Amino acid sequence: MDTYAWMVRFAELVSADAERLTRLDSAIGDGDHGSNLDRGMRAAAEALSADLPPGKVLMTAGRTLVSKTGGASGPLYGTALRRAGKALGDASEVGAVELGAALRAALEGVQELGKAEEGDKTMVDALAPAVTAYEAAAGEGLAAAARAALDAAEKGAEATVPLQARKGRASYLGPRSVGHQDPGAASTVLLFRALAETAASS
Ligand code: ADP
Ligand code: MG
């Protein structure tokens, strides 16, 4: 698994979709999710280099996100990537099983920090089913597992629309948060789209 290509692709997808993410966040937040994550991932992509070991790539991206991304999502994505990188350790090659452990560690990090459960209308609603689907398909190889994770993330993000937010800024809206997709769940889909594309082309 080329984690450098994954992160660069994620940065590209966030950049291309920044306006849509910001529009989603305007409906139930403060309208900065796209610009926040775009700024953070641009900085992360610049801080990375292809010759870093795979785990170090994710740790560096995570550290940059924590320092450069505003809002709640910066520390959450930053923690996710740092934990994933830490799980990979110093390995020079990352296979399907190792990446599964890294994704599980990322989810645990997000939940430790943000205290959100599935159904609270956050990024966890896309991330948790994606990690579970990845693990279930890991025996079929990295590309198949990444594809399954992407499908599950898309379904999870879509399923946030009818939910009422119980965490983060959107929770201040109470019942008025119903009827809109959670922006962090939408950007998590991009993380898995980038992963699926990278895994498919390697
Ligand atoms: P802010 O809400 O501070 O403006 P962003 O707009 O960048 O930050 O990110 C908002 C997203 O962060 C939400 O859509 C949600 O997915 C995610 N989020 C917020 N709080 C939490 C939390 N406690 N746990 C998990 N995700 C959260
Ligand atoms: Mg916001």
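Is Asp30 buried, partly exposed or exposed, and what is its relative accessible area? Asp30 is partly exposed, with a relative accessible area of 37%, where buried means under 20%, exposed over 50% and partly exposed in between, for a 1.4 Å probe and protein chains only. The views below come from a predicted model, in which local features need pLDDT of at least 70, side-chain atom pairs count only at pLDDT 80 or more, and totals for chains, interfaces and linings use all residues. Residues are numbered from 1 along each chain as its sequence is written, chains are lettered from A and ligands numbered from 1 in the order in which they are written, and side-chain values use heavy atoms, with hydrogens and water left out.

**View 1. Magnesium ion (ligand 2) and its aspartate donors.** Asp25, Asp30 and Asp32 coordinate the ion through OD atoms at 2.0 to 2.2 Å; donors are N, O and S atoms within 2.8 Å of the metal (3.2 Å for Na, K and Ca), and sites may look incomplete because water is not among the atoms. The spacing of these donor residues in sequence is D-x4-D-x1-D. Asp32 is partly exposed, with a relative accessible area of 22%. Asp30 lies in the loop between helix 1 and helix 2, helices (H or I, at least four residues) and strands (E, at least two) being DSSP runs numbered from the N terminus. Apart from neighbours within four places in sequence, Asp30 is in contact with Asp25 and Arg169, contact meaning heavy atoms within 4.5 Å.

**View 2. The largest pocket.** This pocket holds about 510 Å³ of space. Of its 25 lining residues, Ala72, Ser73, Leu76, Gly168 and Arg169 are the closest to its centre. On a 1 Å grid over the protein atoms alone, a pocket is an open set of points with protein on both sides within 12 Å along at least five of seven lines, a cavity is a set where a 1.4 Å probe fits but cannot get out, and lining residues have an atom within 4 Å of a point. Grid points are joined across faces, edges and corners, and a volume is the space filled by probe spheres set on the points. The pocket lining divides into nine nonpolar, nine polar and seven charged residues, with Ala, Val, Leu, Ile, Met, Phe, Trp, Tyr, Cys and Pro counted as nonpolar, Asp, Glu, Lys and Arg as charged, and the others, Gly among them, as polar.

**View 3. The largest cavity.** About 100 Å³ of space lies in this cavity, and the count of cavities of 30 Å³ or more comes to one. Its lining includes Trp6, Leu76, Tyr77, Leu103, Met123 and Thr188. Helix 4 gives the most to this lining, with four residues, and the lining as a whole divides into eleven nonpolar, one polar and no charged.

**View 4. Helix 2 and its packing.** The buried residues of helix 2 include His33, Leu37, Met41 and Ala44, and the buried residues of this helix pack against helix 1, helix 3 (54-68), helix 4 and helix 8.

**View 5. Two lysines in the loop between helix 5 and helix 6.** Lys115 has a positive phi of about 60 degrees although it is not a glycine, and phi of Lys121 is near 65 degrees. Lys115 counts as exposed at 56% relative accessibility, whereas Lys121 counts as buried at 1%.
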